[in-house]
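I opened my notebook to look up charged side chains and their partners.

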Amino acid sequence: MIYDIYNVKPLVDPSTPKHLIASEINRKLKLQNESQKLLKQIREDADPAAQRWLYKRLKAVNDDLGIPTESAEALGVAP
(Lines give C-alpha, C1' and ligand atoms only; values in the text may rest on other atoms or scores of the structure.)
Protein backbone atom coordinates (compact mmCIF):
# COMPACT_ATOMS: atom_id res chain seq x y z
CA MET A 1 0.00 0.00 0.00
CA ILE A 2 1.33 3.48 -0.86
CA TYR A 3 0.74 4.77 2.69
CA ASP A 4 3.28 2.25 4.02
CA ILE A 5 5.98 3.35 1.58
CA TYR A 6 5.83 7.01 2.55
CA ASN A 7 4.65 6.53 6.15
CA VAL A 8 1.60 8.74 5.53
CA LYS A 9 -1.85 8.23 7.00
CA PRO A 10 -5.00 8.52 4.87
CA LEU A 11 -6.75 11.90 4.94
CA VAL A 12 -9.76 10.39 6.74
CA ASP A 13 -9.73 7.20 8.76
CA PRO A 14 -11.76 4.55 6.94
CA SER A 15 -13.79 3.92 10.09
CA THR A 16 -14.99 7.55 10.24
CA PRO A 17 -18.79 7.71 10.01
CA LYS A 18 -20.00 9.24 6.74
CA HIS A 19 -21.71 12.17 8.44
CA LEU A 20 -18.37 13.22 10.03
CA ILE A 21 -16.15 12.98 6.95
CA ALA A 22 -16.71 16.59 5.83
CA SER A 23 -15.83 18.03 9.24
CA GLU A 24 -12.73 15.81 9.46
CA ILE A 25 -11.54 16.96 6.03
CA ASN A 26 -12.17 20.59 7.04
CA ARG A 27 -10.13 20.06 10.22
CA LYS A 28 -7.27 18.52 8.23
CA LEU A 29 -7.28 21.42 5.76
CA LYS A 30 -7.05 23.91 8.63
CA LEU A 31 -4.13 21.93 10.05
CA GLN A 32 -2.43 21.93 6.64
CA ASN A 33 -2.75 25.73 6.48
CA GLU A 34 -1.38 26.02 10.02
CA SER A 35 1.55 23.78 9.10
CA GLN A 36 2.47 26.04 6.18
CA LYS A 37 2.21 29.17 8.35
CA LEU A 38 4.38 27.64 11.07
CA LEU A 39 7.02 26.62 8.54
CA LYS A 40 7.12 30.17 7.19
CA GLN A 41 7.37 31.61 10.72
CA ILE A 42 10.25 29.27 11.57
CA ARG A 43 12.18 30.47 8.55
CA GLU A 44 11.50 34.15 9.28
CA ASP A 45 12.01 34.24 13.06
CA ALA A 46 15.54 35.03 14.26
CA ASP A 47 14.97 34.12 17.92
CA PRO A 48 16.21 30.55 18.57
CA ALA A 49 13.78 30.02 21.48
CA ALA A 50 10.84 31.06 19.32
CA GLN A 51 12.06 28.82 16.50
CA ARG A 52 12.23 25.84 18.85
CA TRP A 53 8.68 26.50 20.11
CA LEU A 54 7.38 26.90 16.55
CA TYR A 55 9.13 23.69 15.53
CA LYS A 56 7.51 21.76 18.39
CA ARG A 57 4.12 23.08 17.27
CA LEU A 58 4.88 22.22 13.62
CA LYS A 59 5.85 18.67 14.60
CA ALA A 60 2.61 18.23 16.57
CA VAL A 61 0.49 19.55 13.68
CA ASN A 62 2.26 17.37 11.11
CA ASP A 63 1.98 14.33 13.38
CA ASP A 64 -1.77 14.95 13.60
CA LEU A 65 -1.88 15.21 9.81
CA GLY A 66 0.14 12.02 9.48
CA ILE A 67 2.92 13.63 7.46
CA PRO A 68 6.64 13.62 8.24
CA THR A 69 8.37 16.73 9.54
CA GLU A 70 11.85 17.74 8.40
CA SER A 71 14.45 17.66 11.13
CA ALA A 72 14.97 20.82 13.16
CA GLU A 73 18.53 21.06 11.83
CA ALA A 74 17.32 20.89 8.21
CA LEU A 75 14.97 23.80 8.92
CA GLY A 76 17.74 25.82 10.54
CA VAL A 77 16.40 25.60 14.10
CA ALA A 78 19.18 25.99 16.66
CA PRO A 79 19.41 23.20 19.27
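My entries on salt bridges and one lysine follow.

I noted that this is a predicted model, where local features need pLDDT of at least 70, side-chain atom pairs count only at pLDDT 80 or more, and totals for chains, interfaces and linings use all residues. Residues are numbered from 1 along each chain as its sequence is written, and side-chain values use heavy atoms, with hydrogens and water left out.

I counted salt bridges (a side-chain nitrogen of Lys or Arg within 4 Å of a carboxyl oxygen of Asp or Glu). The count is five.

I looked up Glu 24 and found a salt bridge to Arg 27, with the closest N and O atoms 3.0 Å apart. The two sit three residues apart in helix H2, about one helical turn; helices here are DSSP runs (H or I, at least four residues), numbered from the N terminus.

I then checked Glu 34, which forms a salt bridge with Arg 57 at 2.9 Å, N to O. Glu 34 is in helix H2 and Arg 57 in helix H3 (residues 48-65), so this pair ties together parts 23 residues apart in sequence. Glu 34 is partly exposed at 27% relative accessible area; the class lies between buried (under 20%) and exposed (over 50%), with a 1.4 Å probe and protein chains only.

I ended with Lys 28, in helix H2 (residues 21-44). Lys 28 is buried but has no salt bridge, and its nearest side chain of opposite charge, Glu 24, is 4.1 Å away. For charge, Lys and Arg count as positive and Asp and Glu as negative, while His and the chain ends are not counted.
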